[in-house]
Amino acid sequence: MQRLQGLVFIFFLLTISCSKFGDQGEVLPKSEEDRLPGTDSLVVEQLIEKSFSHYGQGGVHVDINDRYLAEAEEIARKNENIYQLARIYNLLGQRYRNRADYGEAMKFHQKALEFATVANKKELLASVYNQIGVVYRRIDDNPMALEMHVKALALAEEAADSLTIGAAINSIGNVNFNLGRYLSSIEYFKRSLAMSKAQKNKLGLAINHNNMGESLLRLGQVDSALYHFFTSLDYNYQISSKVGQSICFNSLGGAYIVLERPHKALEYLEKALHLNEELGDLMQVAISHSKIGETYLGMGQMEEAEKHLKESLEIAKSIGVLYQIEEGSRLLSELYEKKADFGKALEFFKTAAVYRDSIINTKNINHLATQEAILESERQREKINQLNQETIRQKSMLDRQRFYLITALIIVVTISFAIFMIVRQLQLRSRYKNVRHQQRLLRSQMNPHFIFNALSAIQVYILEHDIEKSSRFLTDFARLMRQVLRSSTHDYISLKEEVQILKYYLELQRLRFSESFDYGLHIDESLKMEQAMVPPMLTQPFIENAIEHGIKPIGNEGQIQIHFKKDKNRVVVEVEDNGIGIDASKEASEKERSHESMAIKITRERLDMLRRDSGGRTELSIRDKKQINPFDRGTIVRIVIPLVEIDQHGKTVSRQKNNFLKTESVSVQ
C-alpha cells in the first residue's frame, strides 16, 4: 500500500507541478519584444495559448505538436525569433516527457537550451534547466536532476524571477523527497510556500501544501499531514482545479489508511475516482481503482477489491501503463492468495514479475535514450561551431565583394537616375507645349462656327431691308469680333472681359430672334472681375444651345440666366434657361444633335486640358430641370473650374494649387 501511495503521489505531483508551477512547463517568461502588439511575436503568443487550450490535460490521444504549435514554430523560425523557438521546444520537451518518451523530451529540451543560451535570457535558461531536471527525475537520475534544478535556481535568482525561483526550490524539494530525505524536502517546500504566499500564487500554495503533507506523512506526522492536505484542497477549490482536488482526495485517503480508518479513506478515494472519470484521464482512473481495491483488500472485502483491481488492470493494459499493470497484477496475486486460489495467484505473480523486469528495462532504455540525446546535441553543437568558423571566413570575403558591388551599383543608379530626370524634363516640356497648342486649336474650332451663325443673322436683316437693325447688328458684331479675336490667342481673360463678350453675344442673339427672350448676368460679389481670370468663351456654346434648342421652340418669353459664383478656390458657372429642356431637344434633327455633341465634346476637352494645366478640379454637368422638379422646364449647365487670379506681378495664379500657371493672359481694357 505504501508503495502504491508513493507512486500515485509522485505521478500526480510531477503532472501538476510540471504544468504551471513546479517545473514551469507551459507558463514561461515573456520578453518585452514578445508583448509588442501588431507583430508576428504577438501572433506566436496567441497560437501558443490556443495550443494550451487544445492540448488540455495532454491525454494520450492528443497530438503533442498540434497545428497551433506547428504554425507558431514556423512563424518564429521564419522571423528567427530564437526566444520564442526556445519556449516552443521547451514546451514540446515537456509534452514528450509526460508521455514517458524521455529521449525525445531531452532532444527538444537540448534544442531549447541552445536557443535560450543564444538569446541570453536568464529567466528562460532557468526554465529550460528546470525542465531538464524533471526528465532526470523521471528516469530516477536524481543527482543529475538536482544539478539541473540548482542551476535553474541560480539563474532565476540572478534574473530576480520570483516565479521561477519558487519553482526551482519546489523541484529541489521533490528531488529530496524521491531520495527519501523528507526533512530536507520539507525545508525546501517551506521556502517555496513562503514565496507563493508573497506572490499570492494560489496554485503554488496548493502544490506546496500537498508536498508538505506527503513529506510529513512519510515521517509519521499524520495530523500535520492532514492539515496541509485540507489546506491544499481549499486552495484547489478556490482556483477550480479538479486535478488538484483529485490529488488532495488521494492524499487524504492515504492518510486515513495510515490512521486505520478505511471507511473514511474510501470516502475520499471514491471522490478522486469520480473526478478522474470526469476529467477523462484513464491513467488516474486506473490508479484510483487500484487504491480503492487495495483498501477493500485490507478490509477483507474480497469481491469489492477484486472488482476494482480488475477494472484498474484492464484500463492500465488498454493504455499501456507498465507501472500500473505491475501494481494491479501484484495486488490481484495477493488477493487470490488470500482466497486460496493459488493457480490464479501464481499467474498474476508471474505477470507482475514480467512487467517489473520490463519497467527496469524501460528505465534503462529511457536513461540510455536521454544520454544519447545529450551526446547528439553535443555533436551537433561542435559541428555548428565548425560551420560558424567557416561562415565567418566566407562572410569576410563576401563583405568585401559586396562593398565593391554596392559601390558600382550606386554609381550606375546615380547615372541612370540623372539620365532619367533629363529625359523626363524634356518630355514634360514637350507635353506642356502640346497642351498649349491643343487648347488654342480647340478654341479656334469654335470661332468659325460662331461667326457663321452671326453672319447668317445679318444676312436675314439685309434681305428684309431692315437698315437700322442691320447697322446696329453690324456695329455690335464688329465689337464682338474685336473682343473675340483679341481673346482667342490667350489662355485666360479677365472675368470682366468675358462678361462683355457674353453681353455682346446675347444682344446680337436677341436682335436675331426679334427679342424673343431676356437674359441676366449675375456675378458673385466675392469675385473681383478685374483680377479673376477665366478661359475665353467657355460658356458661349451652352448659351447658343440654350437659345437654339431650348428657347427657340417655345416662341417667346424665353429666359436665360448666367451665374458666376465663387466656391472656396473654385469658380462655378451656371447657364439656366426655361426652354423645352435637354430631354425634349434630343428629338431634334440628326444634324443639330451632332453639332451639340461636338460643342460638348470640345468643351470637355478644354476642361480636361485646364485640369491637367492647373492641377485643379474641373466639372461639367448638364441636367434637365424636370429631373429636379417635374413641374419645371428648361436646362441647367454647370461648369466648375479652378479659381485663377492675376497677382501683383501680372502672373496668373491658381488658388487651388497655389502655383503660378505659365499661361498668356490679356489685360482688361
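This is a predicted model: local features need pLDDT of at least 70, side-chain atom pairs count only at pLDDT 80 or more; totals for chains, interfaces and linings use all residues.
The crossing of the two, H8 and H10, is left-handed. On the H8 side the contact is formed by Asn170, Asn174 and Phe177, and on the H10 side by Ile207, Asn208, Asn211, Glu214, Ser215 and Arg218. Sorted by class, the residues in the contact of H8 with H10 are two nonpolar, five polar and two charged.

Helix H13 (residues 262–279) and helix H14 (residues 282–299) have axes 9 Å apart and pack at an angle of about 160°. This angle makes H13 roughly antiparallel to H14, because angles over 145 degrees count as such. The crossing of H13 with H14 is left-handed. H13 contributes Pro262, His263, Leu266, Leu269, Glu270, Ala272, Leu273, Asn276 and Glu277 to the contact, while H14 contributes Gln284, Val285, Ser288, His289, Lys291, Ile292, Thr295, Tyr296 and Met299. The contact of H13 with H14 holds nine nonpolar, six polar and three charged residues.

These helices belong to a protein chain with 22 helices and 10 strands. Of its 669 residues, 48% count as buried. Among contacts between residues at least 6 apart in sequence, 65% join residues at least 24 apart. The chain exposes about 33300 Å², and carbon and sulfur atoms supply 54% of that area.

Ala532 sits in strand S3 (residues 532–534). Its relative accessible area is 3%, so Ala532 is buried, the limit being under 20%. Apart from neighbours within four places in sequence, Ala532 is in contact with Ile493, Ser494, Leu495, Leu527, Val644 and Glu645. Val571 is 39 residues from Ala532 along the chain, and the C-alpha atoms of the two are separated by 9.2 Å.

Phe108 is part of helix H5 (residues 102–119). Phe108 counts as buried because its relative accessibility is 15%. Once neighbours within four places in sequence are set aside, the contacts of Phe108 are Tyr89, Leu92, Gly93 and Tyr96. One of these, Leu92, is in contact with Phe108 and lies 16 residues away in sequence, with a C-alpha to C-alpha distance of 6.5 Å.

Most residues other than glycine have a negative phi. Glu80 has a phi near 55°, a positive value in a residue other than glycine. Glu80 is in the loop between helix H3 (67–78) and helix H4 (82–98). With a relative accessibility of 66%, Glu80 counts as exposed, since the term applies over 50%.

Ala160 is another residue other than glycine with a positive phi, here near 55°. Ala160 lies in the loop between helix H7 (142–158) and H8. Its relative accessibility is 63%, and Ala160 therefore counts as exposed.

Notes: Residues are numbered from 1 along each chain as its sequence is written. Side-chain values use heavy atoms; hydrogens and water are left out. Helices (H or I, at least four residues) and strands (E, at least two) are DSSP runs, numbered from the N terminus. Buried means under 20% relative accessible area, exposed over 50%, partly exposed in between (1.4 Å probe, protein chains only). Contact means heavy atoms within 4.5 Å. Accessible areas come from the Shrake-Rupley method with a 1.4 Å probe; for residues, only the protein chains shown count as cover. A crossing is left-handed if the near helix is turned anticlockwise from the far one by less than a right angle, and right-handed if clockwise. Ala, Val, Leu, Ile, Met, Phe, Trp, Tyr, Cys and Pro count as nonpolar, Asp, Glu, Lys and Arg as charged, and the others, Gly among them, as polar. Axes are lines fitted to C-alpha atoms, for helices over the stretch in contact, and angles run from 0 to 180 degrees between N-to-C directions. Angles under 35 degrees count as roughly parallel, over 145 as roughly antiparallel, 65 to 115 as roughly perpendicular and the rest as oblique.
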